[in-house]
Amino acid sequence: MTTGSSAQVIPLHRTRDDEPRPASPREHDAPVVAFPGATAAPEQPGQGDPLTRFLTFLCHRFTGDYTVDEFGFDPELTDTLVLPPVRVLYEKWFRVSTHGVRNLPAEGGALLVANHSGVLPIDSVMTAFAVHEQRGRHLRMLGADLVFKTPLLGTLARRSGQTLACGPDAERLLRAGELVGVWPEGFKGVGKPFSERYKLQRFGRGGFVSAALRTGVPIIPVSIVGAEEIYPKLADLKPLARLLGLPYFPVTPFFPLLGPLGAIPLPTKWHIEFGEPIATDGLAAEADEDPLLIFNLNDQVREAIQQMLYRRLSQRRGIFRD
């Protein structure tokens, strides 16, 4: 996925940076494999004022002098166009606080597993930004089919580092030393009613556990507090959802009553906590084929996230308070 005839395709790479809050990491460990006629990799617009970075970005788009990996991930586009508006939501609207950042590896692969909520999957975007802000690394999120079937959204998802939630893709990313994010509750979590807030839904069959076992990477439980209240879901118009091909059509106190204004999320105070990693590299070679072990690990991760949620909820001072 690329624009411009001389764009470069790079293999999956590992980002390395030991600083907690770098401006824009751009190091690639692997050699570049380019299309015929491609030029050398351009300098990335990670430094300088915003206008200079944007003009540099436009120049690279015009000449095709930019890189994407085999999944379609475009780091330059992500850093220049996607992250700045996300930063506004992160810092000014939701005022996100992060906890347990020390549990995020500065290098190497890891699988981040988080709770899902909020009607729209804004929680996944905020988590990815938190990882980038705190570790200077891009979180490669695994998304549902619906994301990639949606016009424009699917392309943007690919360009910003997301890929389809399937085992082979997850394993390739993890073996390449990437941080991979998964939300096992899926639509059952993000679309649950407000009355069930902060109660984790079923995690499925543990496909994410199998991917971690096969690649030997740690599993990092992640809890997100604050997303449940941005769109308090009171009801679901299922006939309309089926007509539109959606998993649900939410009714909140403000939507659809207030139309587009009702789609503005409430400015709740968020807390994202990265829990203690659960190691998988010390298990037997055939551990990924042991259904009981997979079930137990799946339940262990789910219980860790649930307990983190309860603990954080008991400590927060209010839904909207800093």
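This is a predicted model: local features need pLDDT of at least 70, side-chain atom pairs count only at pLDDT 80 or more; totals for chains, interfaces and linings use all residues.

Modeller: Residues are numbered from 1 along each chain as its sequence is written, and side-chain values use heavy atoms, with hydrogens and water left out.

Colleague: How many helices and strands are there in the protein chain, and what makes a run of residues count as a helix or a strand?

Modeller: The protein chain has 10 helices and 12 strands. Both are DSSP runs numbered from the N terminus: helices are H or I with at least four residues, and strands are E with at least two. Of the 322 residues in the protein chain, 50% are buried. Buried means under 20% relative accessible area, exposed means over 50%, and partly exposed is in between, using a 1.4 Å probe and protein chains only. Among contacts in the protein chain with a separation of 6 or more, 77% link residues 24 or more positions apart; contact means heavy atoms within 4.5 Å.

Colleague: Which strands make up the open sheet, and in what order?

Modeller: Seven strands form the open sheet, in the order β4-β12-β9-β5-β8-β6-β7, and the pairing is mixed. β4 and β7 (163–164) are at the edges because each has a single partner strand, which leaves one side of each without a neighbour in the sheet.

Colleague: How do you know that β9 pairs with β5 and with β12?

Modeller: Two strands pair if DSSP finds at least two bridges between them. β5 and β9 have four bridges, in the parallel sense, and four bridges also join β9 to β12 (residues 271–274), in this case antiparallel. On the β12 side, Ile224 is partnered by Ile272.

Colleague: Why is strand β9 described as largely enclosed by the rest of the structure?

Modeller: Strand β9 (residues 219–225) is described in this way because seven of its seven residues are buried. Ile219, Pro221, Ser223 and Val225 point one way, Ile220, Val222 and Ile224 point the other way, and all are buried.

Colleague: Which helices lie against these strands?

Modeller: α8 lies across β5, β8 (179–182) and β9, and runs at about 165° to β5. Helix α10 (residues 291–315) packs on the sheet, where it touches β4, β5, β9 and β12, and its direction makes about 35° with that of β9. Axes are lines fitted to C-alpha atoms, for helices over the stretch in contact, and angles run from 0 to 180 degrees between N-to-C directions.

Colleague: What describes the meeting of α6 and α8?

Modeller: The axes of helix α6 (residues 167–175) and helix α8 (residues 207–215) come within 9 Å and cross at roughly 40°. In this contact, Ala170, Glu171, Leu174 and Arg175 of α6 meet Ala211, Arg214 and Thr215 of α8.

Colleague: Why is Arg102 called exposed?

Modeller: Arg102 has a relative accessible area of 64%, so it passes the limit for exposed. Arg102 is in the loop between β4 (97–99) and β5 (110–114). Not counting residues up to four places away in sequence, Arg102 touches Arg135 and Glu276. Its C-alpha atom is separated by 9.2 Å from that of Gly275, 173 residues apart along the chain.

Colleague: Which peptide bond is cis?

Modeller: The peptide bond from Phe255 to Pro256 is cis, with omega near 5°. Pro256 lies in the loop between β11 (250–251) and β12.
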